Amino acid sequence: MSKIIKTLTIAGSDSSGGAGIQADLKTFEEYGTYGFSALTTIVTMDPDRGWHHNVYPIDAAIVAEQLKTIFAGGPVDAMKTGMLGSVEIVQVTEQAIKNNLQTNVVIDPVMVCKGEDEVLNPESANAIRDLLLPLATVATPNLFEAGVLSGLGKLTTLEEMKEAARLIHQLGTKNVVVKGGKALGGDMAIDIFFDGSEYLVLETAKIEPAHNHGAGCTFAAAITGGLANGLSVKEAVVKAKDFVSAAIRNGYAFNQYVGPVFHGGYRLEN
Ligand code: PXL
């Protein structure tokens, strides 16, 4: 084995396996990397309550201990964050990035689970904006999160997505991917990449049926895997779009409520 390439996710557990830390570790494996994880929250979904999500944050001191373990081997080649669960966990994450001089940092500013449209924890969302975006190589908000972070509210057009990306770039992240996915009207799933000067519009035809639970986490994890493998940010984003599209094409109906992506879809197709 040549040099091991290390990746890290600081995120929540999605018991249904499509999103969260499960998405991240499966994706890191597909990218040929050795994945570490620091667990921040446990999310359960209740079939007796219409798939209602319960979110259980883990004590920030335990998150700090996990990060101490992981960084005992030095910085990783690339890392990402997902659902963080509390302001204290955001602060612990900020300290770990700074103390370890960690580079290649992907901040996925998770505020809600799919289908829910209220910010789970506004204080945590603000802390991610203020403490983590300035440390980010890439921030990867979905359409809803981009509307919140930019202050523009609900985004409905490509032009609004671009303006949101520009405003989020001003919050300190070096690059922004607004994951529009299928959330914008029309036939195309549209994401945009902005590096502070140029926009790149990434488009694919919408996939039906859209088994896309976990697509956002998987997209961000794939960018992380690409950066760890030495791709430029733009190359990593372009490849991640292909990776997540294949994951959606190969997704499946788990039950009446949820259809997760299959993280190995890109491998099956290539
Ligand atoms: O897709 C957002 C998300 C992120 N992280 C965890 C989740 C979810 C949505 O279900 O459970 C742990």
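Me: A crossing is called right-handed if the near helix is turned clockwise from the far one by less than a right angle, and left-handed if anticlockwise. In this predicted model, is the crossing in which helix 2 passes helix 3 left-handed or right-handed?

Reply: The axes of helix 2 (residues 60-71) and helix 3 (residues 87-99) come within 9 Å and cross at roughly 20 degrees. Angles under 35 degrees count as roughly parallel, and helix 2 and helix 3 are therefore roughly parallel to each other. As helix 2 passes helix 3, the crossing is right-handed.

Me: How many residues of the contact of helix 2 with helix 3 are nonpolar?

Reply: Helix 2 contributes Ala60, Val63, Ala64, Leu67 and Phe71, which meet Glu88, Ile89, Val92 and Ala96 in helix 3. Among the residues of this contact, one is charged and none is polar, while the number of nonpolar ones is eight.

Me: Why are helix 3 and helix 4 assigned their orientation to each other, and what is it?

Reply: The axes of helix 3 and helix 4 (residues 122-132) cross at roughly 15 degrees and come within 8 Å. The limit for this class is an angle under 35 degrees. Helix 3 and helix 4 are therefore to be described as roughly parallel.

Me: How many charged residues does the contact of helix 3 with helix 4 hold?

Reply: Helix 3 and helix 4 form a right-handed crossing. On the helix 3 side, Val87, Val90, Gln91, Thr93, Glu94 and Ile97 take part, and they meet Glu123, Ser124, Ala127, Ile128, Leu131 and Leu132 in helix 4. The residues of this contact comprise seven nonpolar and three polar, and the number charged is two.

Me: How many polar residues occur in the contact of helix 5 with helix 6?

Reply: The crossing of helix 5 and helix 6 is left-handed. Leu143, Ala146, Leu149 and Ser150 in helix 5 meet Met161, Ala164, Leu167 and Ile168 in helix 6. The contact of helix 5 with helix 6 has seven nonpolar residues and no charged ones, and the number of polar residues is one.

Me: Which element gives the largest share of the shell around the ligand?

Reply: Of the 14 residues around the ligand, those that come nearest are Gly12, Asp14, Gly20, Cys113 and His213. The protein covers 92% of the 310 Å² of accessible area that the ligand has on its own. Two or more residues of the shell come from each of strand 1 (6-14) and strand 2 (34-46). The largest share, three residues, is that of strand 1.

Me: How many residues of the shell around the ligand are polar?

Reply: The shell around the ligand includes eight nonpolar residues and one charged residue. Its number of polar residues is five.

Me: Which residues does a cis peptide bond join?

Reply: Most peptide bonds are trans. An exception has omega at about -10 degrees, and its Pro209 is placed in the loop between strand 9 (199-205) and helix 7 (215-228). The residues joined by this cis peptide bond are Glu208 and Pro209.

Me: What is the value of phi of Trp51?

Reply: Trp51 lies in the loop between strand 2 and strand 3 (52-57). Most residues other than glycine have a negative phi. Phi of Trp51 is instead positive, near 70 degrees.

Technical notes: Residues are numbered from 1 along each chain as its sequence is written. This is a predicted model: local features need pLDDT of at least 70, side-chain atom pairs count only at pLDDT 80 or more; totals for chains, interfaces and linings use all residues. Side-chain values use heavy atoms; hydrogens and water are left out. Axes are lines fitted to C-alpha atoms, for helices over the stretch in contact, and angles run from 0 to 180 degrees between N-to-C directions. Helices (H or I, at least four residues) and strands (E, at least two) are DSSP runs, numbered from the N terminus. Angles under 35 degrees count as roughly parallel, over 145 as roughly antiparallel, 65 to 115 as roughly perpendicular and the rest as oblique. Contact means heavy atoms within 4.5 Å. Ala, Val, Leu, Ile, Met, Phe, Trp, Tyr, Cys and Pro count as nonpolar, Asp, Glu, Lys and Arg as charged, and the others, Gly among them, as polar. A residue is near a molecule or strand if one of its heavy atoms lies within 4 Å of it. Accessible areas come from the Shrake-Rupley method with a 1.4 Å probe; for residues, only the protein chains shown count as cover.
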